[in-house]
Amino acid sequence: MLKFIYIADYMINMKEEKKSKKAWIVILGLFLAWMIIISIANLLDERKDLAKDKIAIIPVIGEITTGRSSGFFIESGGASSTRIVENLENAEKDKSVKAIILEINSPGGTVVASEEISNKVKTIEKPVIAWVREIGTSGAYWIASSSDWIIADKLSVTGSIGVIGSYLEFSKLMEKYGVRYEGLTTGEFKDIGSPYKELSLDERQLLMGKLNMIHEDFVDEIASNRNMARDKAAALANGAFYLGKEALQLGLVDELGDKNKAIEKAKMLAGIEEAELIRYEEKRSLLDALSQLTSKQAYYLGRGIGYEISNNIDKPRLDLL
């Protein structure tokens with residue numbers, strides 16, 4: 001009798017194990033089916049997105065520099081040529097992007113940074129429209145001139161084609177307080193642009209020579225990019241700025257208008273009727289912001305703001321501003 005009870009229990013346990021295995025198999029099958037469905041849906045969404053024609057809007061806002069300019073919590077006050085060139089490359093590689101709009105609101109910046117962006121714009125085969133929103137002067141105008149079409153608000157500020165190399169000099173102030181500068185260098189021009197002494201005639205001529213060389217290259221670029229006579233470009237390159245409606249008359253821009261006008265022009269040049277707008281901007285997490293805030297505090301505590309200021313004015317910076 002006891003033997004039969006054991007056999008019955010064994011058979012019941014076997015049935016329960018089989019039911020349990022079947023249940024797990026069903027659950028696993030449902031999970032795999034769900035994963036396959038999700039994967040297919042994502043793939044279809046990606047293909048759907050790829051099928052849409054897009055227009056990329058790439059901001060060029062603030063002072064143009066080669067590095068990544070940043071504030072405590074957001075990217076602030078600067079247009080990094082490194083980041084902008086990366087955005088241009090990404091838009092160029094994306095087959096769904098049919099045209100690019102450069103949203104320009106910048107007074108210019110350093111020579112190399114402006115040239116880097118300009119050179120990249122000229123290599124892109126897709127239509128590139130420069131939209132000067134409020135200000136597009138100097139280095140920013142250099143970039144705009146490299147595009148296929150320039151649209152500017154009638155009251156925007158453009159032009160200001162020229163080069164500046166300036167710095168603070170307070171040797172007279174030091175003399176007033178009996179402070180004298182002793183510069184020990186192994187070259188005649190090693191401490192050129194020091195704020196602690198006046199420029200000599202030779203130093204001034206040397207710096208002006210460099211500025212003139214950059215200026216000539218700048219004029220050549222504008223003349224070439226705008227298909228403008230070199231003499232006319234040189235005449236306009238006097239450092240003066242022009243309102244959008246003046247720039248149109250002078251041939252510095254192609255059309256007056258706003259964002260909508262830039263979008264319509266992008267569609268026309270790309271040969272499309274409808275397009276989704278995508279904006280290329282760097283997104284930063286709260287962790288990145290907090291990390292940057294901490295690093296900035298440590299930096300200024302370690303080196304001192306006064307040291308940083310004196311370091312920045314030690315040499316004249318050549319800018320397209």
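Modeller: Leu102 stands opposite Ala130 in β6, and this belongs to a predicted model, in which local features need pLDDT of at least 70, side-chain atom pairs count only at pLDDT 80 or more, and totals for chains, interfaces and linings use all residues. Residues are numbered from 1 along each chain as its sequence is written, and side-chain values use heavy atoms, with hydrogens and water left out.

Biologist: What joins strand β1 (residues 54-61) to β4, and in which sense do they run?

Modeller: Eight bridges connect β1 with β4, and the two run parallel. Ile55 stands opposite Ala99 in β4.

Biologist: Why is strand β4 called largely enclosed?

Modeller: Buried means under 20% relative accessible area, exposed over 50%, and partly exposed in between, with a 1.4 Å probe and protein chains only. Nine of the 10 residues of β4 (residues 97-106) are buried, so the rest of the structure largely encloses this strand. For the chain, 36% of the 321 residues count as buried.

Biologist: How do you know that the span of helix α6 (residues 201-225) agrees with expectation?

Modeller: The expected span is 1.5 Å times one less than the number of residues. For the 25 residues of α6 this gives 36 Å, and the end C-alpha atoms are 36 Å apart, so the two values agree. Buried residues in α6 include Leu207, Leu211, Ile214 and Phe218. An α-helix has 3.6 residues a turn, so residues three or four places apart point the same way. Just after α6, Asn227 takes a positive phi of about 55°.

Biologist: What do the buried residues of α9 pack against?

Modeller: Ala262, Ile263, Lys265, Ala266 and Lys267 are the buried residues of α9. They pack against β1, β4, β6, β7 (149-152), β11 (255-256) and β12 (276-279), where contact means heavy atoms within 4.5 Å. Helix α9 (residues 259-270) has 12 residues and reaches 16 Å between its first and last C-alpha, close to the 16 Å expected.

Biologist: Which residues flank α9 at its start and after its end?

Modeller: At the start, a side-chain oxygen of Asp258 comes to within 3.2 Å of the backbone nitrogen of Asn260. Gly271 follows α9 with a positive phi near 75°.

Technical notes:
Helices (H or I, at least four residues) and strands (E, at least two) are DSSP runs, numbered from the N terminus. Two strands pair if DSSP finds at least two bridges between them. A polar contact is a pair of N or O atoms within 3.5 Å; within protein, one must be able to donate a hydrogen and the other to accept it, and residues adjacent in sequence count only if both atoms are side-chain atoms.
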